[in-house]
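Please look at the sequence and the structure below before reading on, and keep both in view as you go through the paragraphs.

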Amino acid sequence: QVQLVESGGGLVQAGGSLRLSCAASGRALSSSVLGWLRQAPGKERDFVAAIRWNGDYIRYADPVKGRFTISRDSAKNTVYLQMDSLKSEDTAVYYCAARPYYLYGWNSWGQGTQVTVSS
């Protein structure tokens, strides 16, 4: 499995930007897909974006396309989620997650970081 620690959440006004970081470790990292999911109060946890550690696979959920960018720095073992043009509906707890590239279920999770967008 992969160990994950998120950071970078906070309070921002609508239209602003935030960057989330996810420090990753573990021998399985090189064969993993790293992703971001979010959970708003009273709602299910939803997929936001994912990237394969070797960089040849990137996916975004429709609500964030064109506003969010996922990237990774292999030298720092860190995955980032750059969030621009934030909207109030982006308010949620954001989780970093990982899974082996050959599976569809996320099997490693970070502790979550709160993102609040004020309108």
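Predicted model: local features only at pLDDT ≥ 70, side-chain atom pairs only at ≥ 80, totals over all residues.

Residues are numbered from 1 along each chain as its sequence is written, and side-chain values use heavy atoms, with hydrogens and water left out. The chain has a mean pLDDT (the predictor's confidence in each residue, from 0 to 100) of 95, and 100% of its residues reach 70 or more. Among the elements of the chain, the lowest mean pLDDT, 95, belongs to strand S1 (residues 3–7), and the highest, 98, to strand S8 (residues 78–83); strands are DSSP runs of E with at least two residues, numbered from the N terminus.

Which residues form a disulfide? Cys 22 and Cys 96 do, with their sulfur atoms 2.1 Å apart, where a disulfide is a pair of cysteine sulfur atoms within 2.5 Å. Because Cys 22 lies in strand S3 (residues 18–25) and Cys 96 in strand S9, the pair ties together parts that are 74 residues apart in sequence. The torsion about their S-S bond is about -80 degrees, so the disulfide is left-handed. Both Cys 22 and Cys 96 are buried, that is, under 20% relative accessible area (1.4 Å probe, protein chains only).

On the surface, Tyr 101, Tyr 102 and Leu 103 form a nonpolar patch with about 340 Å² of accessible area together. Such a patch is made of residues with over 30% relative accessible area and no salt bridge, nonpolar side chains (Val, Leu, Ile, Met, Phe, Trp, Tyr) being joined within 5 Å; a salt bridge is a side-chain nitrogen of Lys or Arg within 4 Å of a carboxyl oxygen of Asp or Glu, and accessible areas come from the Shrake-Rupley method with a 1.4 Å probe, where for residues only the protein chains shown count as cover.

Methods: Helix = DSSP H or I, 4+ residues; strand = E, 2+ residues; numbered from the N terminus. Patch = residues over 30% accessible without salt bridge, like charges linked within 9 Å, V, L, I, M, F, W, Y side chains within 5 Å. Buried < 20%, exposed > 50% of the residue type's maximum accessible area, 1.4 Å probe, protein only.
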